[in-house]
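Subject: Handover of a structure and its findings

Dear colleague,

Please find below the structure that I am handing over to you. My notes on what was found in it follow directly after.

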Amino acid sequence: MQQLTQDQVDHFNVEGYVILRDVFSRSEVETLLEAMADLLADKKRGTPGAGYDRWSTEPGDALNPHRVTYLNDIFALDDRLDAHMRDPRLAGAFCDLFGPDLNGYQSAAVIKTVQLNFDYHGWHQDAPDYMPLSNYKNACAITYLGAMGPDTGGTSLVPRSHRVGCLERGHVEVEGWPMKKRIIIGFEEYEPRVISPQFNPGDVLVFDSWIMHRANSNYTDESKIGLINVYMSRDCIDLEGKNKFQVADLPITRDRKVLSPGESRLLKEREVQARDSAG
Ligand SMILES: O=C(O)CCC(=O)C(=O)O
């Protein structure tokens with residue numbers, strides 16, 4: 001079933017993003033928060049596949065006691081998060097954008113810990129990390145599990161910046177900081193066009209992997225969680241096999257039908273074998 005209106009598809013194509021409001025209900029958000037709380041409870045500093053707050057090693061809040069800032073391949077860690085990645089409202093929206101056959105690219109959580117200055121995360125485009133890809137049909141959905149805005153862990157974007165190509169990237173020292181800040185060289189030109197929407201729990205931001213964006217700081221006393229699902233069209237090929245996540249090349253839909261975890265696994269094995277034997 002079509003999930004996006006033509007206006008929403010056009011908005012994504014022209015602006016490089018679209019905000020979908022109230023996609024997930026309060027109780028669905030609660031379930032996802034419970035899943036994340038279960039995962040975060042035992043993610044002690046140093047766990048592979050996780051990143052941690054670089055400012056503080058003090059205990060965080062009840063939701064995120066070890067101050068995890070990101071966690072990869074969450075679909076493989078909890079059935080509720082696997083089900084979220086396959087939710088027809090997300091997968092269907094991406095089918096409306098990219099066609100009937102989708103593969104996964106990333107399944108992660110970005111967690112803005114309590115009082116996190118996330119400025120170091122910096123302005124960036126995702127695509128330079130993914131390139132070379134065979135086409136542009138690759139984009140990210142963030143599902144917000146809290147009220148998240150400019151200084152409360154939301155996401156800022158530069159509308160229409162997705163078709164300027166990949167800009168040069170850099171890292172700069174900031175006095176007194178324990179880490180370098182990621183930057184886009186020449187970003188000043190785009191700065192006046194930045195938007196920082198307010199998101200409510202259950203809202204979804206879909207954005208093109210070439211758009212300039214930034215994860216915002218969280219100056220509250222509650223961890224704020226965004227679930228990241230990056231999907232791409234099956235014909236968007238990762239030409240150098242750069243993607244080492246477990247979700248890489250995992251079939252999510254075929255002919256718009258959402259596959260079960262078992263169907264996905266089997267099909268991935270078959271498709272990878274067929275590709276390898278074709279050389
Ligand atoms: O968590 C966010 O607000 C943005 C995430 C982000 O920058 C990314 O996934 O590349």
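Please keep in mind that this is a predicted model. I begin with the ligand and its surroundings, and then turn to some points along the chain.

Two strands stand out around the ligand: strand S4 (102-112) and strand S10 (213-215) each contribute at least two residues to its shell. The residues around the ligand are Val 110, Lys 112, His 121, His 124, Asp 126, Ile 142, Gly 154, Thr 155, His 213, Ala 215 and Ile 228. Sorted by class, this shell holds four nonpolar, five polar and two charged residues.

For Asp 126, the corresponding distance between a side-chain N or O atom and an oxygen atom of the ligand is 2.8 Å. For Thr 155, a polar side-chain atom lies 2.6 Å from an oxygen atom of the ligand. Taken on its own, the ligand has 290 Å² of accessible area, and the protein covers 93% of it.

Where does the ligand sit? It is found in the largest pocket. This pocket contains about 810 Å³ of space. Its lining is made up of 33 residues, and those nearest its centre are Tyr 70, Val 110, His 121, His 124 and Arg 182. By class, the lining comprises 15 nonpolar, 10 polar and eight charged residues.

Several elements supply at least two residues each to the lining of the largest pocket, among them strand S2 (50-52), strand S3 (68-72), helix H5 (127-130), strand S5 (138-144) and strand S11 (224-233). The element that gives the most to this lining is S4, with five residues.

The peptide bond from Met 131 to Pro 132 is cis, with omega near 0°. Pro 132 is placed in the loop between H5 and S5.

The next topic is a backbone angle. Asp 73 is not a glycine, yet it has a positive phi of about 50°. This residue belongs to the loop between S3 and helix H3 (79-85).

The last topic is Asp 42, which is located in the loop between helix H2 (26-41) and S2. The side chains of Asp 42 and Lys 43 are joined by a polar contact of 3.2 Å. Asp 42 and Ile 142 are 100 residues apart along the chain, and their C-alpha atoms are separated by 24 Å. Ile 142 is also one of the residues around the ligand.

With kind regards

Definitions and conventions
Residues numbered from 1 in each chain as written. Predicted model: local features only at pLDDT ≥ 70, side-chain atom pairs only at ≥ 80, totals over all residues. Heavy atoms only, no water. Near = heavy atom within 4 Å. Polar contact = N/O pair within 3.5 Å; in protein donor to acceptor, adjacent residues only side chain to side chain. Areas by Shrake-Rupley, 256 points an atom, 1.4 Å probe, with all protein chains shown as cover. 1 Å grid on protein atoms, 1.4 Å probe; cavity = no way out; pocket = protein on both sides within 12 Å on 5 of 7 lines; lining within 4 Å. Sits in = over half its atoms within 2 Å of the grid points. Helix = DSSP H or I, 4+ residues; strand = E, 2+ residues; numbered from the N terminus. Nonpolar A, V, L, I, M, F, W, Y, C, P; charged D, E, K, R; others polar. Points joined across faces, edges and corners; volume = space filled by probe spheres on them.
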